[in-house]
Amino acid sequence: MLRSAILCIAGFLFVSSSVQAVDDAHIFDIDLNEKTPVLSDLLQQYNEKTSQYSWHYQFRWNMPAQFDTGFQSIIDDFGNHEKRLENANEERILQMLQRMPKQMYPYIGPMLHKVRGLSGKVLELPGIKETKNKFPTRVAKIFEDVNYLEFASPSMYIFLMPEIWEPEISREYPNLKIKSLQNPRKIKINPDLMAKVEKNVPASKFMLGAQTPSLKLQPRHFNADISTPLSTADVQAFINTLDGLRSFLHQNKNEMQLMGIVPLMRYYDEQNGEKPIVGYFKAAVNPCQTIVRKVQWLGKYAEFQEVVGTQGFGLDDWAYTCDKTVKAYRIFRTPISHTGFVNSVRKGLYDKMLRQYKLTPQEREMLHYQAQAFLQLYTAPKENIDAVRPFAKQLQQEFLQLGNQYGGTPLVMP
């Protein structure tokens, strides 16, 4: 618990959900037929909203002959009245400190007092207030003989905490007494189960040295939509576009532009009512639709269409085919440890578990959407998985060449 709390508080400093299984897949949808905004107007609005600096006299050629008296009063007022810039994570830091074990305060408090912009709401918290410029009195044994330790940066104090180096494992996790199995029980085998396994997974097809049957491509699905099932021919056609798409990245600074458009798109979505946490996960759930959306925003659709059109794709059906292929491919890379969590989310157990913790509505909502995104990342119809199965190794090599991402959009999650 202590280590998790340490990582969370460090992350905050430097950078209402249902209890039943809710199908939130629709919130990650991307409208490929949306009306694209005028980027120059949106960029100007974005700069005005996000910048703390007035660009009134940014360029020499924009300066009027006479100084703007209204602007002068603004900058005079700003210069004569100091105003603290609020820390966006201040409330969450406060909530986490209140839930944190008090023995951590001497190791966290001195660092908090060095952070610019934190108000008394955090710094005057009982237990934190007393730690200003104070060196911890308890230090891990491995550091007791280190000279001049008291001159270390307060940001390093947390590593001096004895509990990090000397956890009381015996209390939380007592040693298990392993009994020798002198008379092991006989393993009971269900004949019906083994017969079903042999029928569905015949040993002759999976034993060492078994011949791989030649792949027979199924018919292509042209003009596919988001619900059209994948065929092996669809997956093969998608793979055939990847060489051209790699070349597209290196033309006319396309890769940099695809990466740079992300903040502007998220700002636009938030202005139109989308929650920031949803926008963050949307690109992971539907990466290829996100790529096509970027291409359309940048006005690169003709160049992109020229690449994917060689395999009979349009922009939208390439995006749908790509997303379905990527999602099915992820199933092959899903660790066994993920399957339990996916099932708990699908059955609504995860949301029910969140009620047991003292979380704010914002934290509960964030964890809920994170779980729903995780569910969408590792869910695919059986026919799509069967279509991707013969190409799993080839897709792995192709995605590795792309760095498991395309223009800053992750294709395969780490």
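**Entry 1. Secondary structure and overall figures**

I began with the secondary structure, and I counted 23 helices and 2 strands in the protein chain. I note here that the model is predicted. I then looked up how much of the chain is buried: of its 414 residues, 38% fall in that class. The accessible surface of the protein chain comes to about 27,400 Å². Carbon and sulfur atoms supply 55% of that surface.

**Entry 2. Helix H5**

I next examined helix H5, which covers residues 105-112. Because 7 of its 8 residues are buried, I recorded helix H5 as largely enclosed by the rest of the structure. The buried residues in H5 are Tyr105, Tyr107, Ile108, Gly109, Pro110, Met111 and Leu112.

**Entry 3. The largest nonpolar core**

I wished to know which residues have the most contacts inside the largest nonpolar core. They are Phe304, Trp318, Phe399, Tyr406 and Leu411, in a core of 38 residues. I then listed the helices that each supply at least two residues of this core: H11 (232-240), H12, H16 (287-297), H17 (301-308), H18, H22 (382-388) and H23. Helix H18 gives the largest share, with 8 residues. As general background, I wrote down that nonpolar side chains tend to be buried together in soluble globular proteins.

**Entry 4. Aromatic pairs**

I turned to the rings and found 13 aromatic pairs in the structure. Phe143 and Trp165 make one of these pairs, with centres 5.6 Å apart and 80° between the planes, an edge-to-face arrangement. Phe143 lies in the loop between helix H6 (120-123) and helix H7 (162-165), while Trp165 lies in helix H7. The two residues are 22 residues apart, and the pair links distant parts of the chain.

I then took up the pair of Tyr329 and Phe399. How are their planes set relative to each other? The planes stand at 70°, with ring centres 5.3 Å apart, so this pair is edge-to-face. An angle over 60 degrees is what places a pair in that class. Tyr329 belongs to helix H18 (residues 315-333) and Phe399 to helix H23 (residues 392-401), so the pair ties together parts that are 70 residues apart in sequence. Are these two residues buried or exposed? Tyr329 is buried, at a relative accessible area of 3%, and Phe399 is buried too, at 0%.

I also noted a cluster in which ring pairs link Phe238, Phe248, Phe304 and Trp318. Two of its members, Phe304 and Trp318, I had already listed among the core residues with the most contacts. A further ring, that of Phe313, has the charged end of Arg220 sitting over it, 4.7 Å from the ring centre.

**Entry 5. A nonpolar patch on the surface**

I returned to Trp165, for this residue also belongs to a nonpolar surface patch together with Ile142, Met156 and Phe159. Together these four have about 420 Å² of accessible area. Phe159 lies in the loop between H6 and H7. Its relative accessible area is 41%, and I therefore recorded Phe159 as partly exposed.

**Entry 6. Salt bridges**

Finally I looked up the salt bridges, of which the structure holds 12. Which residues pair with Arg246? One partner is Asp243, with the closest N and O atoms 2.3 Å apart. Asp243 and Arg246 both lie in helix H12 (residues 242-249), 3 residues apart, or about one turn of the helix. Another partner is Glu398, where the closest N and O atoms are 3.1 Å apart. Glu398 lies in helix H23 and Arg246 in helix H12, so this pair ties together parts that are 152 residues apart in sequence. Both Glu398 and Arg246 are buried, and the relative accessible area of Arg246 is 15%.

I also examined the salt bridge between Lys282 and Asp269, which is 3.5 Å from N to O. Lys282 lies in helix H15 (residues 276-285) and Asp269 in helix H14 (residues 262-271), so the pair ties together parts that are 13 residues apart in sequence. Lys282 is buried at a relative accessible area of 7%, and Asp269 counts as buried at 10%.

Note on methods
Residues numbered from 1 in each chain as written. Heavy atoms only, no water. Phe/Tyr/Trp six-rings, centres within 6.5 Å; stacked < 30°, edge-to-face > 60°. Helix = DSSP H or I, 4+ residues; strand = E, 2+ residues; numbered from the N terminus. Buried < 20%, exposed > 50% of the residue type's maximum accessible area, 1.4 Å probe, protein only. Lys NZ or Arg CZ within 6 Å of the ring centre and 35° of its normal. Patch = residues over 30% accessible without salt bridge, like charges linked within 9 Å, V, L, I, M, F, W, Y side chains within 5 Å. Areas by Shrake-Rupley, 256 points an atom, 1.4 Å probe, with all protein chains shown as cover. Salt bridge = Lys/Arg side-chain N within 4 Å of Asp/Glu carboxyl O. Core = buried A, V, L, I, M, F, W, Y, C linked by side-chain atoms within 4.5 Å.
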